[in-house]
Amino acid sequence: MTRTCEAPGCGRDISHRARQARTCSEECSKARRRAEKVSAASSRKVLFDTEGEYFEALDADRGYINWRPQSKTRIMLGRVQQILEEYSEHLPLTCRQIYYRMVAEWGYEKGEMFERSLYGMLKKARRAGEIPFHHIRDDGISGGTPVWYTSIDSALDNWGAWARNFDRDVQEGQDVRVIAWCEAAGMLPQLERVAAPYSVPVYSCGGFTSLTAVRWIVDTCLTSDVPTVLLHLGDADPSGRSIFQAMFADAAEFLADDQEHEGQRLDARLLALTREQIDEFKIPLDPIKTGDSRSEVWRSRGLTEKAELEALPPDAIATVLRDAIEDVLDMDLVEDIRAEQAEDRVTLGECAEVAATAAMLEPAERADLLDGRATIDGITFPDEAPEKFWDLVDIAAAFGVDR
């Protein structure tokens, strides 16, 4: 049976070559692979204008993929799956943990070559459904810190403080859901101060794209009944633009397959650093010295300089983020919820005070309080107390018994 070269425009006879060969030469092999990448990129559901600061990411997978790994890769995948099963009580594992377990348990040679091969396989395996997304973390997403109490008194005091500073979700009832992402993890505290009054969470991946982070964005969109607006702040350089482009395009590809209704969609907006901001604030520029393909694309379009987000004055960054949030949200609705929040704080503060005191009572005295036959040090049951108030009393009482 005659076999011909699969490279575009070739067609030479390759019947004499090995059965698995698909092209007649290395040059044709490269041409075939590029044609496949171009074809895959053209079928993407989210495309960027590649005439400006963006570029065709032909090598990048987007969304779910059909994956047919070679036998050697299939063996590696099986070993990774065994490691995930072995440490199932400790999931998710990081890519780095899997790397070291593969070296220790299966004898793979430690080094950049194996690391690159393994990490690439882990990404494809998750996109292809071979490994659940939540079994692996490859991100540097910054998160919160748990609260630990030093005593029962500190816990009860904290309840009171929490009640008096209770925050409502002021995005409730909005036509969109807003989240913010920043390339520089060190800027999170200052951005959180700006975004917190609007109930807008701020995250960072520390300057690189992460499949775990992308999947988190997708899952956030899927848990909302309204579109999600992602506000992004990053450097004005090939890497910064690539992070924004890849994060949005990849998440949108997943959403196109997973969404249950039209409301579950993503709108990504680049807030900073823009060329207009560079000119307005006279941001100092540095030459692009890297030689990667993204930098080459920029240079070919006359973009030879870059700038960092952190060169923008902090007050300007705060203003950019605040204005963007207020432009997206219905601020009348936000103010209505804030007014209700003030009333809720008073009610919860009274509840917490009574609950903390009730915890110290004997069971019979607490029963009188529950039946409305008693007051505590002049503190009466709040008229507008939520139904869950007495659950709080019971919890506090449990602390009192243990004490």
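1. Two strands count as paired here if DSSP finds at least two bridges between them. On that basis, this predicted model has an open sheet of four strands, in the order β4-β3-β5-β6. The pairing is parallel.

2. Look at the edges next. β4 (202-204) and β6 (266-272) each have a single partner strand, so one side of each is left without a neighbour in the sheet. On average, neighbouring strands of the sheet are turned by 25° against each other, direction ignored.

3. Strand β3 covers residues 177-182, and strand β5 covers residues 228-233. Six bridges join β3 and β5 in the parallel sense. Across this pair, Trp181 stands opposite His232 in β5.

4. Two helices pack on the sheet. Helix α6 (residues 188-195) touches β3 and β4. The direction of α6 makes about 160° with that of β4. Helix α7 (residues 211-222) touches β3, β4, β5 and β6. The direction of α7 makes about 170° with that of β3.

5. α6 also packs against helix α11 (residues 314-328). The angle is about 40° and the axes lie 9 Å apart. That angle makes α6 oblique to α11, because angles under 35 degrees count as roughly parallel and 65 to 115 as roughly perpendicular. The crossing of α6 past α11 is right-handed.

6. Which residues of α6 and α11 make the contact? From α6 come Gln190, Leu191, Val194 and Ala195. From α11 come Pro314, Ile317, Ala318, Leu321, Arg322 and Ile325. By class, the contact of α6 with α11 has eight nonpolar residues, one polar and one charged.

Methods. Residues are numbered from 1 along each chain as its sequence is written. This is a predicted model: local features need pLDDT of at least 70, side-chain atom pairs count only at pLDDT 80 or more; totals for chains, interfaces and linings use all residues. Side-chain values use heavy atoms; hydrogens and water are left out. Axes are lines fitted to C-alpha atoms, for helices over the stretch in contact, and angles run from 0 to 180 degrees between N-to-C directions. Contact means heavy atoms within 4.5 Å. Angles under 35 degrees count as roughly parallel, over 145 as roughly antiparallel, 65 to 115 as roughly perpendicular and the rest as oblique. A crossing is left-handed if the near helix is turned anticlockwise from the far one by less than a right angle, and right-handed if clockwise. Ala, Val, Leu, Ile, Met, Phe, Trp, Tyr, Cys and Pro count as nonpolar, Asp, Glu, Lys and Arg as charged, and the others, Gly among them, as polar.
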